[in-house]
Amino acid sequence: HGSTRRWLACLVSPAEAAQQQSRDRPMALDVPASRCWRRWPPAAACTARRLGAARAYWIVLCVAAPLLIGALGPGTAQAVDQPARGASKPARSGPRAAALEADAGKASDAADAASPAANPADPVAATVNGVTIRVGEVDAALGAALGGRPVPDSTKALLRAETLAQLIDRQLVFASLLTEGPAVTDNEVAAARAQLQTQLAARKLTIEKLLADQHQTEAALRQQLVWQVLWERYVKRHLTADMLERFFQSHRAEFDGTKLHVAHIVLRPDHPAAADNAEKLLRRAQQIRTEIVDQKLTFAEAAKKYSAGPSRHSGGDAGWIERHAPMVDAFSRAAFALDVGQISPSVQTPFGVHLITVLETAPGKKAFGEVRDAVVQPATLQLFSELAERLRQDAKIEFTAGVPHFKPGTRELTAESE
C-alpha cells in the first residue's frame, strides 16, 4: 500500500497512462502520435509500469482513497463509505460491540451529512445493499481520474462502467470491514489525520483548504480516515511475506522480466457517438476470431483486412511487451494469459476492441528478492479484488436503466437495468 503521497500523483487517465509510457513509445496501442496526451508525471509513469497503466488509478480509488478527500466530488462518502443498510451482520454484544456501533453511527452520520439525496436532479446509478451510488458521484470520480483531460465519446461508457464497478466494490469492502475486529478509535483517526496533514503540508496545502476546495465536510473526512485505518489493518493481517512470495510464484511471468512478442487486431467504431458501439464491435471481433480459428485466413491476413491500427500493415505485429509496460493493463493481462499461437477472446480497452495473439516468448530470469517491492502493490490490489468478489456473491446490487455498467460476473458492457 506504500506511500499515499506517491499515489496521489497517479491520478491520471488510464487512457493517458496506456498511450504514453515514454516519449519514445507514443503508439502503444496503434494510436497515431497526433492523438497522444501530453507527457504525464514521472511518479505516475513509474506506477503504471509496475501495476499496468489501467490499474494505476483504480488502486488509488479503492485502496489509497483517504487522500481523495472530496476528489470524488460532493456526496461520494455516502455511496463509498456508508455501511450497507439492511445488510446482514453478525450479532455482537458487550463493550466492543458498543464501540463498533458507535463508530458505525459516526460513519452513518457522515454519510448523511454529505449525502446527495437532497439533489433529486442527480439520478441513481446503482444501489448496493440499499445504499445509493449516484450518477454525479460516478462522473466526479471519473473526472478526478482524468484531471480534466478529454476522452473520446467512444470510450466514456467503458470508463464510467469501470468507475461504477470500483465504487460498488469499495462500498462492499468498507461495510464488511466495519463489522470485523475492534472499532476504529479516536486516537487512530487522529493519527491518520496527522499523517494526512503532513502529506498535504509537503504540497503547501492544509486539510481545511482541501475540504473547502472540494466542498467536503469534516464528517466526510472522518469517514475517509476510518476507511484508511480499516483497510491498513486488513492489509497488515493478510499481506504477509509468505503471501507475497506465493503471489510472485503464481504470477512469475508478470514480474520476472518475461517478454511476449504479440500481434493484435483493433476495431474502432465508424461513428464514435453511437450508443451501441461496444456491442457491435464485440460481435464483429467474435466473427473475425471465428474466421481465423476456422482457418479461413491467418491472423496476419485478418489484421491486414480488418484492423484499424497502423500495425495492420505488418500483420498486426505490435512488437515485444512486458506485463506492466507499455500496453494498457487489460491488453497485457489478456496477452499474458495466452500460449504461443493462441488467440484471445475480445478484449475491450479505451482504444477499441482487440484480438490478440502471442508470436513468441522470452522467459525472464528475475528472482523474487529482486522484484519484491514491485509485487506489493499488485498483491494488495488482489486482496481488495478477492474480498470484493466474495462480498458481491451475497450482495444485492441493482443498476438503473441507461447507466453504463458491466453485466454481473462479466466484463460485458451494457446499459440495461439489472
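User: Which strands does helix 15 lie across, and at what angle does helix 15 run to strand 3?

Analyst: Contact here means heavy atoms within 4.5 Å. Axes are lines fitted to C-alpha atoms, for helices over the stretch in contact, and angles run from 0 to 180 degrees between N-to-C directions. Helix 15 (residues 299-306) lies across strand 3 (259-267) and strand 6, and runs at about 40 degrees to strand 3. The model is predicted: local features need pLDDT of at least 70, side-chain atom pairs count only at pLDDT 80 or more, and totals for chains, interfaces and linings use all residues. Residues are numbered from 1 along each chain as its sequence is written, and side-chain values use heavy atoms, with hydrogens and water left out.

User: How many helices and strands does the protein have?

Analyst: Helices (H or I, at least four residues) and strands (E, at least two) are DSSP runs, numbered from the N terminus. The protein has 17 helices and 9 strands.

User: In what order do the strands of the open sheet lie?

Analyst: Strands of a sheet pair through backbone hydrogen bonds, either parallel or antiparallel. Two strands count as paired if DSSP finds at least two bridges between them. In this model, 4 strands form an open sheet in the order 4-3-6-5, with antiparallel pairing. Strand 4 (317-321) and strand 5 (347-349) are the edge strands, each pairing on one side only. On average, neighbouring strands of this sheet are turned by 40 degrees against each other, direction ignored.

User: How many bridges pair strand 5 with strand 6?

Analyst: Strand 5 pairs with strand 6 (residues 352-362) over 3 bridges, in the antiparallel sense. V347 has H354 in strand 6 as its bridge partner.

User: Where is the hairpin, and which residue in its turn has a positive phi?

Analyst: The hairpin is formed by strand 1 and strand 2 with 2 residues between them, and N129 in the turn has a positive phi of about 50 degrees. Strand 1 (residues 124-128) runs antiparallel to strand 2 and is joined to it by 4 bridges. T127 has T132 in strand 2 as its bridge partner.

User: Are the residues on the faces of strand 2 buried or exposed?

Analyst: Buried means under 20% relative accessible area, exposed over 50%, and partly exposed in between (1.4 Å probe, protein chains only). Strand 2 (residues 131-134) is covered on both faces: V131 and I133 on one side, and T132 and R134 on the other, are all buried. In the protein, buried residues make up 53% of the 418 residues.

User: How do the axes of helix 11 and helix 17 cross, and which residues meet?

Analyst: The axes of helix 11 (residues 218-238) and helix 17 (residues 368-393) come within 11 Å and cross at roughly 105 degrees. Angles under 35 degrees count as roughly parallel, over 145 as roughly antiparallel, 65 to 115 as roughly perpendicular and the rest as oblique. The two helices are therefore roughly perpendicular to each other. From helix 11, W227, W231, Y234, V235 and H238 meet T380, L383, F384, L387 and R390 of helix 17.

User: Is L221 buried or exposed, and in which helix is its place?

Analyst: L221 is in helix 11 and counts as buried, because its relative accessibility is 1%. The C-alpha atoms of L221 and L211, 10 residues apart along the chain, are separated by 8.1 Å.

User: What does T414 touch?

Analyst: T414 lies in strand 9 (residues 413-414) and is buried, with a relative accessible area of 5%. Not counting residues up to four places away in sequence, T414 touches V403, P404, H405 and K407.
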